Amino acid sequence: MAYKRSELREKCMVILYQYDLMQNNKVTVDIEEIMKDNIEIENEFVKDIVYGVITHKEELDTLANEHIKEWTIERLDKTGASILRIALFELKYTDTPEVVVINEAIELAKKYSDDAVRKMINAVLDKIIRE
């Protein structure tokens with residue numbers, strides 16, 4: 001089955017959400033299993049995003065926290081945090097156009113997070129691309 005990039009980003013968000021939830025609950029995590037449970041075919045884009053976010057999580061969280069006003073990424077709901085980490089990873093480590101990254105993150109936030117989280121994600125990404 002062929003997926004659009006926006007659908008793949010949504011898969012990445014779900015995978016990272018599940019990964020984060022399992023880690024916080026001290027459950028043994030097999031990221032490969034989580035990926036297989038969420039996407040029928042092996043996909044390099046998904047692997048690159050998921051492994052990239054996991055590998056650079058601390059750096060991405062630091063970057064987010066430098067731009068979140070009076071909050072931290074840890075205070076965001078897990079879905080919102082996953083969306084923001086994916087967007088930050090794409091901005092920093094891929095050649096995806098900034099406008100695409102922001103639009104995709106906002107669309108995911110509209111679907112899975114509340115309005116306050118969506119606005120925060122938008123503000124953080126906007127600040128980062130202006131620097």
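Apart from neighbours within four places in sequence, Tyr-17 makes contact (heavy atoms within 4.5 Å) with Lys-78, Thr-79 and Ser-82. The C-alpha atoms of Tyr-17 and Ser-82 lie 6.0 Å apart in space, at a separation of 65 residues in sequence. Tyr-17 belongs to helix 1; helices (H or I, at least four residues) and strands (E, at least two) are DSSP runs, numbered from the N terminus. With a relative accessible area of 30%, Tyr-17 is partly exposed, where buried means under 20%, exposed over 50% and partly exposed in between (1.4 Å probe, protein chains only).

The model is predicted, so that local features need pLDDT of at least 70 and side-chain atom pairs count only at pLDDT 80 or more, whereas totals for chains, interfaces and linings use all residues. Residues are numbered from 1 along each chain as its sequence is written, and side-chain values use heavy atoms, with hydrogens and water left out.

The secondary structure consists of 7 helices and 0 strands, in the order α-α-α-α-α-α-α from the N terminus. The radius of gyration, 14 Å, is close to the 14 Å given by the globule rule for 131 residues, so the protein is as compact as a globular protein of that length; the radius is taken over C-alpha atoms, and the rule is 2.2 Å times the number of residues to the power 0.38. Along the principal axes, the C-alpha atoms fill a box of roughly 35 × 35 × 25 Å. Of the 131 residues, 45% are buried. Among contacts between residues at least 6 apart in sequence, 65% join residues at least 24 apart.

The structure contains 2 cavities of 30 Å³ or more. A cavity is a set of points, on a 1 Å grid over the protein atoms alone, where a 1.4 Å probe fits but cannot get out, and lining residues have an atom within 4 Å of a point. Grid points are joined across faces, edges and corners, and a volume is the space filled by probe spheres set on the points.

The largest cavity holds about 80 Å³ of space and is lined by Leu-16, Tyr-19, Asp-20, Val-53, Ile-54, Lys-57, Ser-82 and Arg-85. At least two lining residues come from each of helix 1 (5-24), helix 3 (44-55) and helix 5 (78-93), with helix 1 giving the most, 3 residues. The lining comprises 4 nonpolar, 1 polar and 3 charged residues; Ala, Val, Leu, Ile, Met, Phe, Trp, Tyr, Cys and Pro count as nonpolar, Asp, Glu, Lys and Arg as charged, and the others, Gly among them, as polar.

The volume of the second largest cavity is about 30 Å³. Its lining is formed by Arg-9, Ile-83, Ile-86, Ala-87, Glu-90, Val-101, Glu-104, Ala-105 and Leu-108. Helix 5 and helix 6 (98-112) are the elements that give two or more residues to this lining. By class, the lining of the second largest cavity has 6 nonpolar, no polar and 3 charged residues.

Arg-9, one of these lining residues, is located in helix 1. Arg-9 counts as buried, at 3% relative accessibility. Beyond neighbours within four places in sequence, Arg-9 is in contact with Phe-45, Ile-86, Glu-90, Thr-96, Val-100, Glu-104 and Leu-108.

Technical notes
1 Å grid on protein atoms, 1.4 Å probe; cavity = no way out; pocket = protein on both sides within 12 Å on 5 of 7 lines; lining within 4 Å.
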